[in-house]
Amino acid sequence: MEWDWAFVREIMPTLLEGLKITILATILGAIVAAVVGLVLAIARRSPNPLISRTVGFTADFIRGTPLLVQLYFIFYVLPDIGIRLPPLVAGVIGLGIHYGTYAAEVYRAGIDNVPRGQWEAARATNLSIRQTWIHVVLPQAIPPMIPALANYFIAMFKETPLLSAITVLELMNQAKSVANSSYRYIEPMTLVGVFFLVISLISVVALRWLEERYARVDER
Amino acid sequence: MIDWSGYIGLILQGALVTIELTVMGSALALVMAFAAGLGRLSHFLAVRTLATVYIEFFRGTSIFVQLFWVYFVLPFAGVTLTPLQAGVLALGLNVGAYGAEVVRGAVRAIGREQHEACVALNLGRYHRMRHVILPQALPLMLPTFGNNAIELLKGTAVVSLISLTDMTFQAQVVRAQTGSTLIPFATILILYFAMACAISAGVRWLERRGSRGLDGVRV
């Protein structure tokens, strides 16, 4: 079978429609992951061993099991206990929690890198725990970890095709339905690959820029 | 009341397929990692370019897209693969590309003085790699290789979407037949986690063995 440019032009609008959902899912997933990661990282440092152990084990468990199965779990098991989510919401929650556990490790490293003296100084100036986190620790911890976080968000973008398995109409699903109705696999599947490759390569350039901008802590 | 023993048997059959895929995929990934990782350090521009293109291509798209491409597009080019072959090929090539960067990083982390000592001792390129550089670089690679193997294990779930009867596929079968969702999915989540723990325990054991005799060389 030969490559057919007319067919490419014909399916392009459908694929772009899917690409929009893919990007939407990535952005929403990244927001959820950033928040979940921060909560997990802070909970893991809790002085109560019960909380820190439980959170640590849960994060390890989520990181050690496939995202696809977690998506199935959210999409098929939760309705049994009365939580019925639309596919896109289920997908964003799945992506967010899965990558949140990775983001938590990045936050942990960033928080550990804030010098002890800063904590002690916050203590000495009588700041509350809340104020210490919001005004002293996080503003110093977050900028150096931006490149590492962005790296995981690119990884998350590449995993969004999994959402097609729970019927989200993103890029991969649109390509599959086009392929199944026309019996032509070459163009849609290759185009999906090209889309992902191009966007990933662009994001790698953006990532380099972020590293230039934020990763050098010592100079500040 | 549902007879669970038959369904659990089904899931365990799927677990065997998952293990098979993980082992074969890891073997291919290991070969690709060394080939491409050392290829990127080659003196020849052509080899370096080829290795770089391979690595960027497979790291730039996800395992899911690659798997579908291998399974659905390659037949049109005359290469028809069984789902298992397609799965091993896609997983191995994908994780191999990540592994290649690990190999490259570890080899480059070995100090200049080691290279210079090899030159001074008149060792050839092969002997330099085989007897001096790699024995020191391997312990550096192992922890990341362990993580990559766990990523590969997690990647195997995707092959259920090209109708390979792995653990995730069997769980879907059980769900379709019994209508129960919690038991099949919770079971396979626990099994996947157990396998991931087994991999990290195995890698820790290898790390202890691999760093034997290197005490005092490096922390």
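Okay, let's start on one residue: Val55(A) touches Leu40(A), Ala43(A) and Arg44(A), leaving out anything up to four places away in sequence. By "touches" I mean contact, where the C-beta atoms of two residues, placed from the backbone, lie within 7 Å.

Quick housekeeping before I go on. This is a predicted model, and local features need pLDDT of at least 70, side-chain atom pairs count only at pLDDT 80 or more, while totals for chains, interfaces and linings use all residues. Residues are numbered from 1 along each chain as its sequence is written, and chains are lettered from A and ligands numbered from 1 in the order in which they are written.

Back to Val55(A). It counts as buried because 20 other C-beta atoms lie within 10 Å. The rule is 20 or more other C-beta atoms within 10 Å of a residue's own for buried, 12 or fewer for exposed, and partly exposed in between, again with C-beta atoms placed from the backbone. Compare Ile42(A): it is 13 residues from Val55(A) in sequence, and the C-alpha to C-alpha distance is 9.9 Å.

Val55(A) sits in helix 2 of chain A. Helices here are DSSP runs of H or I with at least four residues, strands are runs of E with at least two, and both are numbered from the N terminus. Helix 2 covers residues 49-63, so 15 residues, and its first and last C-alpha atoms are 21 Å apart, close to the 21 Å expected at 1.5 Å a residue. That expected span is 1.5 Å times one less than the number of residues.

Which residues of helix 2 of chain A are buried? Val55(A), Ala59(A) and Ile62(A) are.

Zooming out to whole chains. Chain A has eight helices and zero strands, and chain B likewise comes to eight helices and zero strands. The C-alpha atoms of chain A fill a box of roughly 70 × 45 × 25 Å along the principal axes; for chain B the C-alpha trace spans about 75 × 45 × 20 Å. Of the 220 residues of chain A, 39% count as buried, and of the 219 in chain B, 42% do. If you care about contact order, take contacts between residues at least 6 apart in sequence: in chain A, 76% of them join residues at least 24 apart, and in chain B that share is 77%.

Now the interface. The contact takes 29 residues from chain A and 27 residues from chain B. On the chain A side, helix 3 (67-77), helix 6 (129-159) and helix 8 (186-215) each supply at least two residues. Helix 8 gives the most, with nine residues. By type, the chain A side divides into 21 nonpolar, five polar and three charged.

As for Ala33(A), its contacts beyond four places in sequence are Leu95(A), Gly96(A), Tyr99(A), Gly100(A), Ala103(A) and Met156(A).

Tyr183(A) isn't a glycine, yet its phi is positive, about 60°. It lies in the loop between helix 7 (171-182) and helix 8 of chain A, and is exposed, with 7 other C-beta atoms within 10 Å. Over in chain B, Asn122(B) has a positive phi near 65°, also without being glycine. Its place is the loop between helix 5 (112-120) and helix 6 of chain B, and with 7 C-beta neighbours inside 10 Å, Asn122(B) counts as exposed.

Key. Ala, Val, Leu, Ile, Met, Phe, Trp, Tyr, Cys and Pro count as nonpolar, Asp, Glu, Lys and Arg as charged, and the others, Gly among them, as polar.
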